[in-house]
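Visitor: I am new to this one. Please show me the structure, and then I will ask how you know what you say.

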Amino acid sequence: MKRFLHYFIIITLVFIFPGCAADRISSSAKTIGNDVATYQASLSLFQDELKRIQDDENARIVGRNSRRDIVADVNGSMQVEWMISNAKNATDIFSPLQNQGQDEVSRLLAPVASVIPSTSITFPIDKLGSVAKTMDNLSKGQSNQANMEFLVNYGIIVNKQIKALEDQAKKNSP
Amino acid sequence: MKNFDWRIGHVIAVFSVVVIMPLLSSCGVYLHDDNLQKHTDSSLNTYKNADIVATMKSALDAQKQLDKTELQSILEKETADRERAIKDLISTYPETRTEPPKRAIDRLIYRVDGRIKQLVGNTFDTFHPKDWLNNHEKIFDISSTTDALQREMDRLLIDYRADGGKNFRSCESFQVTDNESTDELKNKAQSLKDKCDGLELNSSVTKLQKLKDIVINANGEIANVNKQLAEVEKKIKVQNKSKSDTDKTLNDLKKVLEAAKTKDPNSINTEVNAAIKNLDSAIKNIDEATGFVGTKDSSLGATLAAIQFKKTSLRDIIAASSLPTTGGTTVTPATDINRAIVGVIVGLIEVSNTSNPPSIPELSVSLAFQDGLEKQVQAMLDALDEKRRILQDQQDSLLHELELLAVASDASQAAISNLKSVSCNPIGFADLFPNANCSSATRMAAARALSSYNLSWASGRTAARLDDYKITQQIIWQKLRVAQETAVARTNIQTIALNEVAAFGQGGIKPETIAAFLQAIGVAVIAGGVY
């Protein structure tokens with residue numbers, strides 16, 4: 001059986017060596033790997049650019065909201081002024097002032113978030129990086145030693161399989 | 001047992017040399033590699049799990065939400081500003097105002113005129129609020145009755161003339177006078193005059209349009225928006241024309257090619273070759289002139305036409321590849337020649353290389369690529385349409401604001417003459433309405449002025465302001481849409497490629513297959529008594 005293995009390995013080495021599977025796809029893997037890597041870089045750039053746009057927009061919203069609050073405060077204050085200037089009694093004067101004060105204090109206790117929750121999305125560019133790296137490794141093909149090891153192992157497995165089949169055949173024979 | 005091994009070894013050697021090795025080395029057959037499969041499978045799975053398309057969609061959804069939040073914040077700020085302005089007009093405090101004017105009605109006129117100036121620009125001096133009053137209401141009422149009114153008018157005119165009426169020249173000049181010969185004729189003249197007045201209302205449509213034409217051609221805010229609108233409409237027109245022109249050019253050239261092919265469907269003869277060259281040259285010229293992906297606005301229509309032409313060619317040939325070759329089908333069969341022609345059309349091969357037609361999978365990848373390009377260009381064209389829609393809405397909103405300001409201005413003028421007496425001279429509108437010394441008509445006019453000003457801001461100015469921001473958002477949105485379509489196309493193509501790589505990794509001859517085969521051969525040879 002050892003001779004069989006010997007034969008198989010030698011012949012395989014001679015004839016199949018240039019045709020190992022990993023070597024056959026090295027060119028395609030290089031193209032794909034490069035494209036995925038470029039894609040990864042583009043997405044990373046896009047992600048940063050989108051984040052900048054969204055940060056700017058968020059800042060505009062926050063700024064506008066704070067200006068709105070200032071105007072709204074003045075509006076509210078005028079409303080109170082009108083109410084108390086037309087008040088008929090002391091309670092009618094105190095009540096709007098009390099509400100105004102309470103509103104202000106509540107705001108101090110539970111401040112309204114001045115920052116809009118972040119909406120930026122993270123692209124899984126690390127996964128693309130991993131794919132690009134694998135493709136890059138495949139594009140380099142295998143070393144002669146690795147090819148040799150693969151073929152030896154392949155031969156060993158074939159040999160084992162044949163042996164198993166023979167054993168099975170013997171068992172089945174009368 | 002030893003002899004048996006030797007014989008097996010010889011058998012394998014001979015078999016390998018004669019049968020297996022040529023197959024392995026030249027026919028695409030290879031030995032399966034578990035380690036390779038592990039890597040190719042894992043790459044495909046990692047790539048699929050990354051799901052860039054879904055992430056891109058989430059990013060765009062987030063942007064949409066943010067844009068919505070921004071519009072909401074603009075709306076709220078505009079509302080606060082408007083309410084602040086209205087409260088300032090109502091308020092009597094402070095009494096010592098210098099700028100804007102002290103009295104409520106003056107302050108309102110100051111604000112209304114200021115805003116009208118911004119809207120109509122250099123035509124402010126010739127702007128007459130009365131011309132703009134209630135045109136919309138009139139138009140709305142009239143639009144459904146115009147035809148009936150005109151028919152009735154024609155009938156009355158015939159009737160009037162039949163009875164001897166001679167005074168009618170036109171509705172504009174017609175007056176009912178005592179010169180009519182009989183009372184009956186005078187009554188008919190009156191009916192005719194009434195109908196004329198009705199028809200005059202109809203001319204409000206034309207009149208309003210004329211007024212609008214004046215302000216949209218001035219140099220105010222409305223004119224600026226109109227200028228942008230005209231530019232976008234022109235661009236859309238150019239795109240549509242360039243698309244239909246390019247469609248025609250390419251289809252004409254394809255007809256010439258089809259005609260040449262009909263004469264000899266089995267070879268690329270001189271005539272077919274010349275037709276392919278012409279088509280290829282036309283496509284290359286379009287691609288070059290348009291910057292290939294239509295980066296120039298003026299070239300989007302032509303780019304779209306070229307892409308759709310390529311897509312149709314690809315789809316036809318790919319669909320034909322899955323059909324039986326016989327059976328009288330009318331589609332173009334996926335022969336080498338037809339694949340070569342489509343390969344040239346989509347730029348996969350050169351005209352000089354038609355002897356190496358692209359495979360169906362290669363054409364499929366090209367289709368995915370063209371599909372992605374089409375969506376990118378379509379996104380850019382959609383953006384133009386959207387911009388036109390927003391600008392039109394903005395112009396309508398500003399014109400609506402102007403009409404309401406005209407009402408406010410007219411009503412303010414009506415109120416002001418009665419607001420100067422000692423007993424009715426309010427600092428704020430808060431003083432005016434409860435003041436019994438101010439006449440009811442004055443109070444009504446002031447109320448209308450205040451209400452129209454408030455409404456002009458709420459429904460006109462605020463809407464136009466929102467449109468302003470929508471246009472800004474839409475510029476970003478167009479870029480995001482194009483990026484999304486690019487990502488979808490690129491992901492599709494890379495997925496196809498990684499699937500092919502994974503299929504390769506899963507393939508190859510597995511050890512057990514070889515073992516079973518060799519064992520069977522060995523047994524057969526021994527049984528045959530070779531040695």
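Visitor: In what order do the elements of chain A run from the N terminus on?

Guide: This is a predicted model. In it, the elements of chain A run α-α-α-α-α-α from the N terminus. The count is six helices and zero strands.

Visitor: What share of the residues of chain A count as buried?

Guide: Chain A has 174 residues, and 23% of them count as buried. To count, a residue needs 20 or more other C-beta atoms within 10 Å of its own.

Visitor: How much of the contacts in chain A with a separation of 6 or more comes from residues 24 or more positions apart?

Guide: Such residues account for 89% of those contacts.

Visitor: Why is H3(A) called roughly antiparallel to H4(A)?

Guide: Start with the angle. Helix H3 of chain A covers residues 26-85, and helix H4 of chain A covers residues 90-109. Their axes cross at roughly 165° and come within 8 Å. Angles over 145 degrees count as roughly antiparallel. Therefore H3(A) is roughly antiparallel to H4(A).

Visitor: Which residues make that contact?

Guide: H3(A) brings Val80(A), Met83(A) and Ile84(A). H4(A) brings Ile93(A), Pro96(A), Leu97(A) and Gln100(A). By class, six are nonpolar, one is polar and none is charged.

Visitor: Is the crossing of H3(A) and H4(A) left-handed or right-handed?

Guide: The crossing is left-handed.

Visitor: Now chain B. What makes H12(B) and H14(B) roughly antiparallel?

Guide: Helix H12 of chain B (residues 360-416) and helix H14 of chain B (residues 440-506) pack at an angle of about 175°. Their axes are 7 Å apart. Set the angle against the cut-off: over 145 degrees counts as roughly antiparallel. So H12(B) and H14(B) are roughly antiparallel to each other. The residues of their contact divide into 28 nonpolar, 15 polar and 14 charged.

Visitor: What pLDDT does chain B average?

Guide: The average is 84, and 84% of the residues score at least 70. Among the elements of chain B, helix H4 (residues 104-120) has the highest mean pLDDT, 94. Helix H1 (residues 2-26) of chain B has the lowest, 44.

Visitor: Where in chain B is the pLDDT below 50?

Guide: One stretch is residues 1-27 of chain B, with 35 contacts in the model beyond near neighbours in sequence. Another is residues 526-531 of chain B, with three such contacts.

Visitor: What ipTM and pTM does the predictor give the complex?

Guide: The ipTM is 0.77 and the pTM is 0.75.

Notes:
Residues numbered from 1 in each chain as written. Chains lettered and ligands numbered in written order. Predicted model: local features only at pLDDT ≥ 70, side-chain atom pairs only at ≥ 80, totals over all residues. Axes fitted to C-alpha atoms, helices over the stretch in contact; angles between N-to-C directions. Helix = DSSP H or I, 4+ residues; strand = E, 2+ residues; numbered from the N terminus. Parallel < 35°, antiparallel > 145°, perpendicular 65-115°, else oblique. Nonpolar A, V, L, I, M, F, W, Y, C, P; charged D, E, K, R; others polar. pLDDT = per-residue confidence, 0-100. Contact = placed C-beta atoms within 7 Å. Buried ≥ 20, exposed ≤ 12 C-beta atoms within 10 Å, placed from the backbone. Left-handed = near helix turned anticlockwise from the far one by under 90°.
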